[in-house]
Amino acid sequence: ELKKHLRRVSKEYAARREVLQGCLHEAFGDSIQVREPEGGLALWVRFQDETDVDHLVETALTHGVVVRSARQFSPMNLPENALRLGFASLDRDEIRQATLRLARAMNAR
């Protein structure tokens, strides 16, 4: 029963990851680089140098999206022009909506 469950959730998480990657590329095109996880349930999304990711995090919040700057995962709190975007807790439609809100936040800056 456990193996059956693991297969099912693994397929679902893979589908969510693919939806998120597709939505990100549709919304941001070549202005981002997406790094697939070797494990885990989040993507690392690197933005071009002119993007102020810390400001994007703040702006995204006003658009109803909580995202985490890579700075929050740095042991020395060093700036990195990237976001860590989790996909486990959202269904596919929520991922699409969140990506649209993130794109609106990016355009509002």
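Q21 counts as buried because its relative accessibility is 13%; buried denotes under 20% relative accessible area, exposed over 50%, and partly exposed the range in between (1.4 Å probe, protein chains only). The model is predicted: local features need pLDDT of at least 70, side-chain atom pairs count only at pLDDT 80 or more, and totals for chains, interfaces and linings use all residues. Residues are numbered from 1 along each chain as its sequence is written, and side-chain values use heavy atoms, with hydrogens and water left out.

Q21 lies in helix α1 (residues 2-28); helices (H or I, at least four residues) and strands (E, at least two) are DSSP runs, numbered from the N terminus. Apart from neighbours within four places in sequence, Q21 is in contact with V34, E36 and L43, where contact means heavy atoms within 4.5 Å.

Two aromatic pairs are present in the structure. Rings of Phe, Tyr and Trp (its six-membered ring) pair if their centres lie within 6.5 Å; planes under 30 degrees apart count as stacked, over 60 as edge-to-face and the rest as tilted.

| Pair | Centre distance | Plane angle | Class |
|---|---|---|---|
| F28 and F47 | 5.7 Å | 80 degrees | edge-to-face |
| W44 and F73 | 5.5 Å | 85 degrees | edge-to-face |

The pair of F28 and F47 links distant parts of the chain, helix α1 and strand β2 (residues 42-47), across 19 residues. Both F28 and F47 are buried.

The other pair joins W44 in strand β2 to F73 in the loop between β3 (68-69) and β4 (82-86), 29 residues apart. W44 is partly exposed at 23% relative accessibility, and F73 is partly exposed at 41%.
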